[in-house]
Each structure stands twice: as structure tokens, then as C-alpha cells.
Amino acid sequence: AKSADTSSITYSKAQIKQSIVKHLHSTLGTDENKANNHAWWKATSAAMQELVLERLRTTQKTHYINDTRAVHYFSAEFLMGRLLSNNMHNFNLFETADAALKELGVELTDVLEEEPDMALGNGGLGRLAACFLDSLATMDLPAIGYGIHYEHGLFRQEIKNGAQIERPDSWRHYGNPWEICRPESIQEVPLFGYVETKYGANGRVKKEWHPGNIVKGVPWDIPIVGYGAKTVNVLRLWQSESSDYFNWDVFNSGGYVDAQRENIQAETISKVLYPNDETRAGKELRLIQQYFFCACSLKDIIRRYKRAHGDDWSRFSEQVVIQLNDTHPAIAIPELMRILVDRVELDWDTAWGICTKTFAYTNHTLLPEALERWPVRMIEKILPRHIEIIYEINHRFLSLVEKKWPGNNVIKAKLSIIEESTEKMVRMGNLSVVGSFAVNGVAEIHSKLVKENLFPEFEALWPGKLKNVTNGITPRRWLKACNPLLSELIGKKIGNDWPSDLTRLNKLSEFADNTTFQNQFMKVKQKNKEALAAEIKHLTGISVDTKAIFDIQIKRLHEYKRQHLNLIHIMALYKRLLEDPSYDMHPRVFIFGAKAAPGYTLAKDIIFAINKVADKINNDPRVNHIIKVVFLPNYRVSLAEKMIPAADVSQQISTAGKEASGTGNMKLALNGAITIGTLDGANIEIAEEVGDDNIFIFGMTVDEVTELSKKGYNPFDIYYHNNEVKAVLDWLDTDYFTPGQPGALSSLKNSMLSGGDPYMCLADYESYSEANRALNIAYRDKSRWAKMAILNTAKMGKFTSDRSIADYVERIWKLTPCTVE
Ligand code: 26Y
């Protein structure tokens with residue numbers, strides 16, 4: 001990684017001031033006296049965008065002149081959060097802008113709060129894409145992100161009487177100062193209809209798709225500023241519109257009925273982000289969304305390629321690499337085949353050679369319910385030509401399998417892209433592996449499980465194709481921007497190179513035992529806790545003790561992430577305190593942030609239970625000076641930025657083998673929180689980096705989980721043998737936490753008992769409880785805790801997304817940086 005050379009950007013406070021005022025006048029049509037914070041935000045953003053666009057032009061010209069190979073990151077989700085603060089930091093203009101606004105009588109921090117989050121993603125996978133874009137630009141790598149310009153991002157969460165309510169998110173309602181519409185690059189996307197088989201003079205069979213419907217894709221570009229602001233790449237998001245061009249041919253040639261029946265409202269395609277992660281919805285519109293953005297993006301890529309290389313397809317895969325962010329864009333594989341075979345008229349093998357040198361696929365999950373499968377009949381209806389191509393790909397692939405394992409139909413059935421169930425399904429994971437030159441998991445343990453459990457025979461077929469690239473996070477957003485006090489302290493101690501070379505943080509290790517530094521470090525933590533306490537008060541009315549341990553679990557609500565394990569432990573602590581008021585524990589505030597998929601009943605029940613237990617504890621004078629429980633509504637990127645710097649403890653407690661990587665674990669540790677976690681995902685690698693003394697590991701390993709499942713797990717065994725577990729679960733059946741409504745929390749108990757406790761909360765309970773005791777003791781020793789916190793920050797160098805991107809470049813993409821002057 002290189003250091004940020006910001007010498008090229010000379011922009012004075014006076015110039016910024018002038019530019020902001022100019023935009024206040026001519027873009028916003030207001031003036032300094034009338035402007036509210038929102039207007040200041042827009043004017044400040046417009047002033048920044050001027051600089052951004054200048055660098056964007058230079059970057060694009062440079063990439064064009066140098067005819068650079070580029071990575072095209074296809075993702076249904078980009079969880080960008082806010083952009084103003086980020087862009088200022090990456091231009092190294094944050095302090096200058098702060099000062100400029102102060103002179104105008106405006107607080108930058110208030111202005112930043114005006115920006116709505118760009119929440120075009122659900123969680124980890126979408127945020128990873130955003131961190132990767134930041135690193136790609138920072139490392140001067142030619143890259144373009146391709147996705148969907150959702151009108152509504154992830155729903156806004158409200159909590160009413162303890163329950164989650166979903167409200168639409170309208171992030172663009174008052175305009176988005178960062179995006180630029182590019183009508184000159186509109187694409188058309190065919191849908192539905194039928195395929196005609198034609199026979200050419202040479203006997204060649206030609207397939208012609210007569211679509212029943214055509215929609216328009218309108219591109220919106222969001223500039224992505226690298227740290228140091230040399231390279232500015234783009235994120236190109238497609239918005240659907242109805243096509244004004246009406247396909248009369250289709251009508252005349254028999255598609256009339258189809259065209260009428262399937263006349264989906266074109267605008268609905270990019271209307272809303274599907275809010276489920278890790279559980280398939282299987283909705284037709286979702287498949288259309290996937291195809292829509294892949295088709296637009298491929299056309300865009302091909303147009304750009306042809307401008308430089310004409311009809312010479314031999315160099316396509318040298319110039320273009322497409323990274324598939326999970327299987328959500330996997331339909332791009334048959335789409336590229338369709339273009340090459342039907343349109344360009346290449347022979348199948350040549351086309352397939354190009355495809356399989358172009359695509360690479362990242363797997364983010366092993367959960368069976370998250371592995372995408374689409375009904376053959378659905379694809380057939382929406383994309384009649386693609387289903388033919390998928391069958392052809394599968395046919396040729398199965399011949400290869402036959403060669404490797406002659407006569408073995410069991411393996412064939414297992415590897416087949418088509419699942420031969422009553423309702424035939426297309427397995428998008430298998431399609432992605434077959435159509436890509438590289439496949440990767442997102443943490444060492446996860447990649448090992450992908451290789452051994454998910455796609456074992458694929459490793460035998462194509463040795464070396466399955467790889468690992470451990471996830472990372474951008475330290476610009478997740479330390480420099482979100483934690484200015486800690487950043488300043490670090491800068492004073494070891495200099496200011498760490499944001500672009502995070503391994504330099506290791507120099508902090510030298511001071512881990514230094515009392516003065518420990519005090520400085522913990523003083524910063526204390527200030528951040530005070531700021532979060534104020535925010536908690538503001539958002540919920542709850543007062544918390546800032547001397548208490550701030551214990552944070554923030555992530556999507558899912559059984560495998562086991563927020564309910566955290567909850568039953570909190571209930572146990574509550575019970576211990578009630579039974580023994582002198583029970584020895586340092587005051588602790590348990591803070592949650594989590595959205596549940598709207599259709600995931602048990603996840604919503606867990607949110608309800610957390611809130612009900614919180615109400616009871618927070619209002620119980622016997623314990624509320626020792627325990628508080630806070631559920632912060634509407635968890636999102638901008639809220640994470642406020643919570644993470646204030647965390648003492650990071651809860652990473654998934655059932656081993658279920659969390660592919662996790663990235664919140666990295667963000668929290670980077671900001672000096674100590675992890676209490678299982679040996680799952682990237683926790684394992686975090687433990688390796690920080691050492692066993694600086695993390696609280698508990699619970700079963702992946703192998704132990706597998707063994708217990710095999711042997712047969714019965715949660716009742718634990719229920720009847722552990723009095724605390726029994727008492728806490730039984731408590732859920734009473735109306736103690738929901739007065740007048742007994743049974744309102746029973747679904748939780750049921751899931752952990754008669755429901756079979758699929759994620760083995762009870763099996764890990766005792767070990768979790770022990771780890772919490774150890775944590776409590778460790779916190780009492782101020783110096784020991786400070787040392788642990790410092791070492792966590794110091795040892796996070798590996799988890800910069802710059803390292804992840806360097807790994808992708810070396811192991812998969814083979815890109816070279818292109819310096820933009
Ligand atoms: C198929 C559809 C319902 C679906 C939509 C979104 C399925 C999955 C998802 C999102 C998955 C996701 O966010 N996975 C997370 O990816 C992170 C980045 O690699 C990992 O750190 C994290 O462990 C994993 O759960």
C-alpha cells in the first residue's frame with residue numbers, strides 16, 4: 001500500500017468557503033441567512049463534488065489512454081452509507097472544510113448528519129462491496145462497480161411497543177448530490193417472449209430470441225474517491241424505465257398475448273431492495289432485478305471494449321474481469337454466452353473460453369437456505385434463451401464429469417447445475433463455479449468449508465480453482481473518519497501513514513504496557529462512550545452509566561448469529577443479581593442494533609424479546625445501576641460509525657461454521673473493543689493476530705459442532721441439567737417481561753427446546769457464561785484491559801480491505817495499478 005500523497009490537492013479554506021457559498025446561491029437558490037443545515041449539506045456536497053468530478057475526468061481519460069485492464073464488480077448490493085465525510089477525508093480536506101464552515105457560522109458535524117445513508121444493501125455483503133470500492137480507488141486500480149439504483153434501500157426500522165415496524169427508505173427524496181445521470185449510456189434489456197430456431201444456409205442453427213418486453217436501463221454514476229484523491233472510479237447503478245420504443249414485431253409475430261400478460265411495470269424492477277439476507281424469497285421480480293442489472297452492465301462493458309478493440313474478441317478476457325459478488329449476478333454467465341454465440345456468432349467453445357476466463361465468483365455463505373436456486377420454469381418464462389444455454393452448459397459440463405468419474409450418476413446428480421427435484425431447479429452456485437476461472441470464500445475457515453463441504457468434487461475436477469481471500473474493511477471510514485479522537489492519538493504516537501498501510505498500527509504494540517499511553521487510549525474510549533451515551537439518550541430516552549462496560553452486538557438479526565444466546569445470558573445475569581444482590585459484576589450496558597427480514601418471524605420475536613427484557617431490567621431499581629439493555633432502532637452504516645468507537649466489548653457469537661467471515665468483528669477490534677466470540681469466520685484469524693490473551697474465545701469448534709450434530713443434539717439434555725438455563729427459559733413462558741401477556745416470548749424458548757435449538761445456543765451456553773465471567777474479571781484490571789484494547793487496535797493491520805484487494809489482484813484479477821497524475 002502506498003501513502004496518501006495529497007500534495008496535488010491545494011485547496012484553501014477561502015476557496016472552499018467561496019465554493020460552498022457559490023453553490024448555496026446558484027445550486028440551492030438560497031443564501032447564508034436563510035440556509036438550514038440541509039441546504040448547507042447540499043452546498044458543501046456540491047462544492048466537494050466539483051473537485052471529485054475533476055479527478056473523475058482525469059482518471060477516466062488516463063484509463064482510456066492506457067487501455068487498462070479493469071475489474072468489474074457485479075453486486076446486487078452496495079451499502080455505501082454517507083459520502084460527504086468520506087470524500088472530505090479522502091481529499092484530505094476535512095479539517096479545512098470544518099474551518100471554512102465554522103467561519104460561515106456552521107458546524108460541519110451537524111451538516112454531516114443531514115445526509116441520508118445510501119443503504120442499497122442488507123449487511124455484510126453489501127458493505128464489503130463498498131469497502132472494496134474504497135480500496136480499489138485508493139490503490140489506483142481501474143475498477144467499476146455495477147449494481148442497481150434502488151429507489152428504496154433497506155427499510156427504515158421503527159420500534160413500536162418493542163416490535164419492529166418497517167417503513168420505506170427514501171434516500172433520494174430530496175436529491176442526491178453525488179450521482180450523475182448518463183442518458184447517453186442507456187441500455188435496453190429484453191425479457192420474456194420466445195426463442196425461434198433458424199437454419200442458416202451453411203446448416204448452422206441460429207437462435208433468435210423474440211422478447212415479449214423490453215425495458216430501459218438508465219445509468220447513474222457515483223464517483224468513488226480513493227484515499228489521497230488521485231484515482232476516482234465509478235459505481236454505476238442502473239435504474240429501470242419503461243421503453244418508449246414499442247416492439248411491434250413481437251406483437252405481429254405472435255408474442256402479443258405474452259407481451260400483454262407479462263407486461264410488468266418496468267419501473268418496478270429497480271423500485272426496492274429485497275430485505276432478506278441469507279434466506280431466499282424466490283420471487284420472480286428478484287430474478288428480473290438480477291438479470292436487469294447484469295444485462296445492462298455487460299452491454300456497457302462490451303460497448304467500452306468495442307470502442308477500443310472493435311470486433312477483435314480475442315483480447316476480451318485480457319481487458320475485462322468480472323467479479324460476481326455471490327450468485328446474485330450469476331445470470332451474467334449465460335447472458336455473456338448468449339451475446340457471444342447468438343449475437344457475435346462465435347462458436348460455442350470460443351465463447352465458453354472467453355466466459356470462463358472472464359468471470360470469478362465469491363461465495364459468502366454455506367447456509368443451505370441462502371444458496372440460490374431458481375425454478376427452471378421461472379427462468380424459462382422470463383429468459384427463454386438463457387435456460388437453453390444453461391442446459392447446454394450443463395450438458396457439456398456433465399460430459400466432463402462423466403470422463404472424470406465414468407458411470408457415476410451420484411456425483412453427476414450432485415454436481416449438475418440442474419437439480420432434478422419435482423420442481424426442477426437451477427443451482428446458481430454450481431453454475432457460478434462451472435462458469436468462473438476462480439472461486440473464493442471470504443475467510444480461511446470458510447474457504448476450507450467451501451472446498452470440503454460445499455463443492456468437494458469441484459476441487460478434484462479443477463485443482464486450485466477454489467481459493468481464499470479473507471475479507472477486510474476500509475480503515476478510512478472505520479477508524480480515521482468515525483473515530484477522530486483515536487485517529488489523532490494514533491497519529492501523534494506513530495505518525496499518519498497508517499490509513500494507507502494499516503500494518504503500521506503494530507507500532508502501537510510497543511506502548512501497550514505504557515501507563516501514560518494506556519490512560520490516553522482509555523480516555524479516548526471514555527469520551528467516545530460519553531458521545532454514544534448522549535446518542536442513546538437522544539434516541540431512546542435511556543440513561544446509561546458511561547463507566548459501565550459497553551457491550552455491543554450489531555449485525556443483522558439471524559438465528560445463526562445468536563442474539564438470543566446473548567439475551568438468555570443477560571437474563572441469567574439479571575436473575576443472579578436478583579437472587580444475590582452482592583453478585584460481583586462490573587456494571588454493563590448491553591447494546592444491540594439489528595434489523596430482521598420482514599418475513600422472518602422468529603427474528604422479529606427475538607427483537608421483541610430483547611426490547612421487553614430491556615424494559616423490565618432498565619426499570620428495575622434493584623439492578624438498573626448494574627445492568628442496562630439498549631436496543632438502538634434502525635441500525636445502519638451511519639449508526640455503526642457512532643457505536644463502534646464506543647465499544648468495550650464486541651459480541652461475535654455465531655455457531656461455529658455458520659458465519660462466513662464477519663466484518664463488524666474487524667471494525668470493533670480496530671477501534672479497541674475486545675471480542676467475545678466463537679472460533680468462526682474471521683474471528684479465528686483475529687484471534688491469531690491478537691493472541692489468546694487478548695480475546696475471549698468460547699464454544700464449540702466447527703469440528704465439535706459437526707460431531708455433535710452427527711451424534712444427535714438434544715437441547716433438553718442441557719435444559720434438565722443446567723438449572724440456570726432451565727430457569728431462564730421457563731422465565732420466557734411467564735408474563736414477567738410482558739405483563740398480562742404470558743406466552744408472548746415463548747417462541748424463543750420453543751426454538752431453543754422443542755424446536756431443536758438448530759444453532760446450538762444451549763450447547764454453548766455454559767462456555768459463553770464462563771467467558772463472560774473471565775471478561776468481567778479482566779475489565780476490573782484497568783491496566784490489563786487497556787493493554788488488551790491497545791493490542792487489538794495494533795494487531796488489526798491484516799484486516800484492511802487494501803490487503804483483501806491486494807490478495808484479489810494477486811490471486812485472481814491480475815491487475816496493474818494505473819497512476820493518475
Ligand atoms: C439470496 C438472497 C436472499 C441473499 C441476499 C443477501 C442471500 C444473502 C445475502 C447476504 C449475505 C451476506 O451479507 N453475507 C455476509 O457476507 C459478509 C461479507 O463476505 C460476511 O462477512 C458474512 O459472514 C456473511 O454473512
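This is a predicted model: local features need pLDDT of at least 70, side-chain atom pairs count only at pLDDT 80 or more; totals for chains, interfaces and linings use all residues.

Trainee: What makes strand 20 and strand 21 a pair, and in which sense do they run?

Mentor: Two strands pair if there are at least two bridges between them. Six bridges join strand 20 to strand 21 (residues 588–593), and the two run parallel; strand 20 and strand 21 therefore count as paired.

Trainee: How do you know that strand 20 and strand 23 pair as well?

Mentor: Strand 20 (residues 549–554) and strand 23 are linked by two bridges in the parallel sense. The requirement is at least two, so the pairing stands. Within it, isoleucine 552 stands opposite serine 650 of strand 23.

Trainee: What joins strand 23 to strand 24?

Mentor: Four bridges join strand 23 to strand 24 (residues 674–677), again in the parallel sense. Glutamine 652 has glycine 677 of strand 24 as its bridge partner. Strand 23, helix 24 (residues 664–670) and strand 24 make a β-α-β unit, which is right-handed.

Trainee: Why is strand 23 (residues 649–652) described as covered on both faces?

Mentor: A residue is buried if 20 or more other C-beta atoms lie within 10 Å of its own. Val649 and Gln651 on one side are buried, as are Ser650 and Gln652 on the other, so both faces of strand 23 are covered.

Trainee: In what order do the strands of this sheet stand, and why are two of them called edge strands?

Mentor: The sheet is open, has six strands in the order 22-21-20-23-24-25, and shows parallel pairing. Strand 22 (627–631) and strand 25 (696–697) each have a single partner strand, so one side of each is left without a neighbour in the sheet; they stand at the edges.

Trainee: Which sheet has antiparallel pairing?

Mentor: Three strands form an open sheet in the order 15-17-16, with antiparallel pairing. Its edge strands, strand 15 (373–375) and strand 16 (418–419), each pair on one side only. Strand 16 and strand 17 (residues 425–427) are joined by two bridges, and isoleucine 418 stands opposite valine 426 in strand 17.

Trainee: Why is glutamate 345 called exposed?

Mentor: Glutamate 345 has 11 C-beta neighbours inside 10 Å, and the limit is 12 or fewer, so it counts as exposed. Its phi is near 65°, a positive value in a residue other than glycine. Glutamate 345 lies in the loop between helix 10 (332–343) and helix 11 (348–358).

Trainee: Why is serine 746 termed partly exposed?

Mentor: Serine 746 has 16 C-beta neighbours inside 10 Å, which falls between the limits of 12 and 20, so the term is partly exposed. The residue is in helix 29 (residues 746–752). Leaving aside residues up to four places away in sequence, serine 746 touches Leu732 and Asp733.

Trainee: Which domains are assigned to the protein chain?

Mentor: The assignment gives domain 1 (8–65 + 88–115), domain 2 (66–82 + 117–471 + 806–813) and domain 3 (489–700 + 759–796). The contact between domain 2 and domain 3 takes 39 residues from domain 2 and 33 residues from domain 3. On the side of domain 2 that touches domain 3, the residues divide into 14 nonpolar, 16 polar and nine charged.

Trainee: How do you know that the shell around the ligand draws on domain 2 and domain 3?

Mentor: Each of domain 2 and domain 3 supplies at least three residues to that shell. Of the 22 residues around the ligand, Gly124, Leu125, Asp277, Ala660 and Ser661 come nearest. The shell divides into five nonpolar, 12 polar and five charged residues.

Technical notes
Residues are numbered from 1 along each chain as its sequence is written. A residue is near a molecule or strand if its C-beta atom, placed from the backbone, lies within 6 Å of it. Ala, Val, Leu, Ile, Met, Phe, Trp, Tyr, Cys and Pro count as nonpolar, Asp, Glu, Lys and Arg as charged, and the others, Gly among them, as polar. Domain bounds come from an automatic or database domain assignment. A crossover is right-handed if, with the strands pointing away from the viewer, the path from the first strand over the helix to the second runs clockwise. Two residues are in contact if their C-beta atoms, placed from the backbone, lie within 7 Å.
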